[in-house]
Amino acid sequence: MPANFLRRIFSLMGNILSFILDTPEKYKRNLFSETDNILLSSMVYQGENVLVVASKTKAGCRVLLNRSDLIHLQYLEWRIFESVVRKSTIIRPVVLKQFEIISNYIDQEFTNVKSPPKTNEEMIIFIKNLSDDKIIGSTPKEDMNFISQLKINATTKLAEQWAQRWSGEMSPEVNL
């Protein structure tokens, strides 16, 4: 679930809990929120009011949250947002900075190879073969280091970045 959807649920929590705690009535449904991907509504299930989080993109994919689940979710609200804030204000800038460091290291190594990669696939292999230790050695020492994770999980994005950076400087025979 995206963070903005969780924010929406938490902003509606008063209304949702009010309905969920109410006496169950058959066939009474409430629509709390709807996006392009997710529908947030209510229904009676096994004699109990429940919140329904349903996917609009995948048929039959839904989660039912009862009173106990919603109270637990409300208790987790501050932990969830603390994590989101930490990742967006602390981790994200570090990751972006280290992504740029890897890109610069790739540029440096690219100019030193005898037979440089000519395609995006070759560039991905080239990036995967770079030594994590050498990249880390060329970075400022920080508490958190995401170089290895970036190489593993963002290799395609690194290759695309490389292609954009070198597109104007490469020979016409390079096929990207």
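Predicted model: local features only at pLDDT ≥ 70, side-chain atom pairs only at ≥ 80, totals over all residues.
User: Let's begin with the strands. Which strand does S2 pair with, and in what direction do the two run?

Analyst: Strand S2 covers residues 38-45 and is joined to S3 by 8 bridges. The two run antiparallel.

User: How many residues lie between S2 and S3 in their hairpin?

Analyst: There are 2 residues between them. Look at Gln-46 in the turn, which has a positive phi of about 50°.

User: What lies on from S3?

Analyst: Strand S4, residues 62-65, is joined to S3 by 4 bridges, and this pair is antiparallel. Val-53 has Val-63 as its bridge partner in S4.

User: Now the cores. What is the general idea?

Analyst: In soluble globular proteins, nonpolar side chains tend to be buried together. Here the largest nonpolar core has 22 residues. Ile-102, Ile-106, Met-123 and Trp-162 have the most contacts inside it.

User: Which helices supply at least two residues each to this core?

Analyst: Helices H3 (67-112), H4 (120-129), H6 (147-153) and H7 (155-166) each do. H3 gives the most, with 7 residues.

User: What does Met-123 touch, leaving aside its neighbours within four places in sequence?

Analyst: Met-123 is in contact with Ile-106, Pro-117, Ala-159 and Trp-162. Another core, of 19 residues, lies apart from the largest one. Leu-40 and Val-53 are among its residues, as are Met-13 and Phe-32.

User: How do I read a helix pair?

Analyst: Two packed helices are described by the angle between their axes and the distance between the axes. For H4 and H7, the axes come within 9 Å and cross at roughly 120°. The crossing of H4 past H7 is right-handed.

User: Which residues meet where H4 and H7 are in contact?

Analyst: From H4 come Asn-120, Met-123, Ile-124, Ile-127 and Lys-128. They meet Thr-155, Thr-156, Leu-158, Ala-159, Glu-160 and Trp-162 of H7. By type, the residues of this contact divide into 6 nonpolar, 3 polar and 2 charged.

Technical notes. Residues numbered from 1 in each chain as written. Heavy atoms only, no water. Pairing = 2+ DSSP bridges. Core = buried A, V, L, I, M, F, W, Y, C linked by side-chain atoms within 4.5 Å. Buried < 20%, exposed > 50% of the residue type's maximum accessible area, 1.4 Å probe, protein only. Contact = heavy atoms within 4.5 Å. Axes fitted to C-alpha atoms, helices over the stretch in contact; angles between N-to-C directions. Left-handed = near helix turned anticlockwise from the far one by under 90°. Nonpolar A, V, L, I, M, F, W, Y, C, P; charged D, E, K, R; others polar.
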